[in-house]
Amino acid sequence: MSLRLHNSLTRQTEEFVPQDPARVTMYVCGPTVYNYVHIGNARPPVVFDLLARLLRRRYSRVVYARNITDVDDKINAAALQAGVPIGDITDRYARAYHEDMAKLGVAPPDIVPYATAHIPQIVAMCQRLIDTGHAYEAEGHVLFDVGSFPDYGRLSGRSAEDMIAGARVEVAPYKRNPADFVLWKPSTPELPGWDSPWGRGRPGWHIECSAMAAAHLGETIDIHAGGNDLLFPHHENEIAQSTCAHGGKVFARYWLHNGMLSMEGRKMSKSLGNVLVLHELLDLHPAESLRLVLLKAHYRQPLDWSESAITQATRTLDGWYGVLRDLAAIPTETAPVPAELEAALCDDLNTPAAFAVLAGLADAARKATSVEEKRTAKADLLAAGELLGVLQQDPEAWFQQAAGGRTIDAGWVESLLEQRRAARAARDFATSDRIRDELAASGILIEDGAGATRWKVAKNDDCPA
C-alpha cells in the first residue's frame, strides 16, 4: 500500500515518493530550551515519532533530525536573570525535554543538532546569501532580502501585507523592506556571541534550522514537519533562505503541520494562565495516557485538552491492558502489524481509524475462546500497539503504577492481601474490610474474582470501593 501525506505546500494529500528510497530524510523543528515545555510542544514529537516508525517499516534507512534551539533571546533573558551562562539553562532544559520525550514513548531521533554547534555553517550560509544578492549587511545585522525571492509567501498563502502583520516585524531604519528578516544580529558584551565577518553576534532563529538541515540531511530533504504555528514566518523563511542559498534547489519536498492544542475550548496562553507544563503532567498522569490523547485526534486537526480526555484515555488503556492481563499465560510470537491498521496510518496518519482498529483487536482478543485464537489475537494486539507506541508495558506493571510512572511496593500489597485472604477464610469480615479500606486509602483498588484477587492503583477518577 502507498503512503499518502498531506503536503502543506501544495495543500493536497499526495503519495509519498522519496527522492532516494535508500535514504529517506525528515527534519522536525524542536524546542527552544529556556524552560520546561508545555503539553502543546509535545504533539509534534509524538506525532512525527509515529511517522518515523511508519517510514522505518517501509524504507531501509530513515535519517530523522529534530533540533534543539539553544541560543535565543528568551534563553539569554533567563540566563541573565539567573546570573549564569546560557549553557547552564539550555543543558538543564534540553536534558529535561529528552527525559520527558522518552517517558512519552518518543524514540530518540537519529540526529539532534544544537544551534550553537553549527555557528560556522550558519555564518557560511549567511555569507553565501550575501554573495548571491539575497541578503545584505546593515549596522552589524545580516538580513534576508524578501524581494529577491519571488515565491515568498507560497507556503502560507499570505499576501505581503498579511505577512508583515503576521510576522510582527521589527520596524528598523536599516531594513530595505519591512518584511526582511534577520539572519545574524550583533551581540552586546553581556550577551552570548560569536565572531563573524559582520562583527561579534549571534544567529537569527530561522537560519539555524536551514543550516542544520543542510549540514545533516542535505540541500533537499524529503519531509519537513512541525506545528502549524511555525508555518509562518519560520517555515516560510526557511524555504526562502534555503532555496536561495542552494541555487534554487527545492528545500523540502513535503511539508507536514500538526494542529494546535486548546485547553477545554480556549486557546492555551500564558495570559490566560492555562498553559499546562508537560513535566508536571507527567507527575500526575500515566505517560501512556498522555501519548494516547496526543494521538487519538487526527494530527492536522486542533486538539482540545482536558482532564476528562486524560481520564478517558486511561480507562481505555485499562481495558486494553486488562485483556492482555487475562491472556498473560498465553505464549505468543512476534506477529506482523495488522494490514488494516497500517492502511489507516498510510492514509495521512489517520490515527482515529488506527485506534478503532486497535479497539477491535482488543475486543477480538477478549472474545477469543480457543488457545490458538487467543494466541493469534494477543499477537495482533501487541503488534498494533508496538507501532502506535502503546501497550508495551507488562500489564501488571501498568495496573500497579502510580502517577508519574512510580510503582507501588507490590510485596507490601501482596502481604496485606494474604492477610485479607486468611481473614476471609476465618470469616473475620471486620479484618477483611479493614484491610480493604487500608489499601483503598493508599490508592489501591482490589477486585475479587473466581479463586483470585487482583489489585491496581487507582487513577484519575477511579473511586475506591
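Select Pro233 to begin: Pro233 is found in helix α7 (residues 231–245). Helices here are DSSP runs of H or I with at least four residues, strands are runs of E with at least two, and both are numbered from the N terminus. The peptide bond leading from Phe232 into Pro233 is cis, with omega near 5 degrees.

The model is predicted: local features need pLDDT of at least 70, side-chain atom pairs count only at pLDDT 80 or more, and totals for chains, interfaces and linings use all residues. Residues are numbered from 1 along each chain as its sequence is written, and side-chain values use heavy atoms, with hydrogens and water left out.

Next, select helix α1 (residues 39–58). Its 20 residues should span 28 Å at 1.5 Å a residue, and the end C-alpha atoms are 30 Å apart, which agrees; the expected span is 1.5 Å times one less than the number of residues. Of the 20 residues of α1, 15 are buried, so the helix is largely enclosed by the rest of the structure. Buried means under 20% relative accessible area, exposed over 50%, and partly exposed in between, with a 1.4 Å probe and protein chains only.

Now display Phe16 and Tyr59. They form an edge-to-face aromatic pair, 6.1 Å centre to centre with 85 degrees between the planes. Rings of Phe, Tyr and Trp (its six-membered ring) pair if their centres lie within 6.5 Å; planes under 30 degrees apart count as stacked, over 60 as edge-to-face and the rest as tilted. Phe16 lies in the loop between β2 (12–15) and β3 (24–28), and Tyr59, 43 residues apart from it, in the loop between α1 and β4 (62–66). Phe16 is buried at 4% relative accessibility, as is Tyr59 at 16%.

Two loop residues follow. Glu139, in the loop between β5 (135–138) and β6 (141–144), has a positive phi of about 55 degrees although it is not a glycine. At 57% relative accessibility, Glu139 counts as exposed. Leu391, in the loop between α13 (371–388) and α14 (395–400), also has a positive phi, near 60 degrees. Leu391 is buried, with a relative accessible area of 1%.

Finally, select helices α11 (residues 339–346) and α12 (residues 351–367), whose axes come within 8 Å and cross at roughly 170 degrees. Axes are lines fitted to C-alpha atoms, for helices over the stretch in contact, and angles run from 0 to 180 degrees between N-to-C directions.
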